[in-house]
Amino acid sequence: MEPCCPLCRQGIEASARGRPCDLCRRRLEIPTALLNGTDPLPFQALASYSGEFRKLVIRQRLVPDTTQLQGLVQLLADRCTLGRNAVLVPIPSWRRRQRQSFPELIAAGMGMEFRPTLQRTRAGVGQHSLNRHQRLANLQGAFRAETRADWQGNDQVIWLADDILTTGGTALAACSALEASGHRVAGLICLARTPPPGRDLRCRGRLGDTPG
């Protein structure tokens, strides 16, 4: 079968099989290199959480399309630099609509070792109406993690996997739980990073968003 773009279904080169076509990448404003940063923790993201890309991520979070999601994740996997000793740990959601959570689908599609090491200990208050300080306080103690002794290989380093990075409250809470259990956390990979300066997402029109 002729390879086609997972988003628009138009034909593409065989070498780009499974990835979004150039036209879709431009429409979604996916840059040619990952977004990288160190605030509030080291991260690598596929694109900015805005415009058409934001709409696509919201649709995927609500009703994941395996082909489309895998196309986005494949681009992320092609471009990320995590190291051979990296292990992906998806950040679990307290609200699950499908057998695998959205971060688990992302981690599984990366083609790397991943482990469901984190568990939610409780549900947090909805993050939409909270500022950065309140979000951080809201998620304190929200995760627990397997101890380092349960792992094989002392050189393994964790990269958290999530869908959206906003204030970093969720990722920092997950990181704290892992480090308290003896793990080393290098950072976070995600599909989208909210545009700087990480403005609050308190607008009622942003239904479907629950970034951390």
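## A cis proline and the model behind it

Pro 40 sits in the loop between E1 and E2; helices (H or I, at least four residues) and strands (E, at least two) are DSSP runs, numbered from the N terminus. The peptide bond joining Asp 39 and Pro 40 is cis, with omega at about 5 degrees.

A quick word on where this comes from: the model is predicted, local features need pLDDT of at least 70, side-chain atom pairs count only at pLDDT 80 or more, and totals for chains, interfaces and linings use all residues. Residues are numbered from 1 along each chain as its sequence is written, and side-chain values use heavy atoms, with hydrogens and water left out.

## Overall make-up

You've got six helices and seven strands here. Going along the sequence, they come in the pattern α-β-β-α-α-β-α-β-α-β-β-α-β.

The protein has 212 residues, and 49% of them count as buried, where buried means under 20% relative accessible area, exposed over 50%, and partly exposed in between (1.4 Å probe, protein chains only). Its accessible surface is about 10,700 Å², with 50% of that belonging to carbon and sulfur atoms; the areas come from the Shrake-Rupley method with a 1.4 Å probe, and for residues only the protein chains shown count as cover. As for contacts (heavy atoms within 4.5 Å), take those between residues at least 6 apart in sequence: 73% join residues at least 24 apart.

## The sheet

Five strands make an open, mixed sheet, ordered E1-E2-E7-E6-E3. At the edges are strand E1 (35–37) and strand E3 (86–90), each pairing on one side only; two strands pair if DSSP finds at least two bridges between them. From one strand to the next, the twist averages 25 degrees, with axes being lines fitted to C-alpha atoms (for helices over the stretch in contact) and angles running from 0 to 180 degrees between N-to-C directions.

Strand E2 (residues 43–48) and strand E7 (residues 185–193) run parallel and are joined by five bridges. Phe 43 has Leu 188 as its bridge partner in E7. Helix H6 (residues 169–180) packs on the sheet and touches both strand E6 (157–165) and E7, with its direction at about 160 degrees to that of E6.

Arg 9 belongs to the segment before helix H1 (22–28). Its phi is near 70 degrees, positive even though the residue isn't glycine.

Glu 29, in the loop between H1 and E1, is another non-glycine with positive phi, about 55 degrees. Glu 29 counts as exposed because its relative accessibility is 61%.
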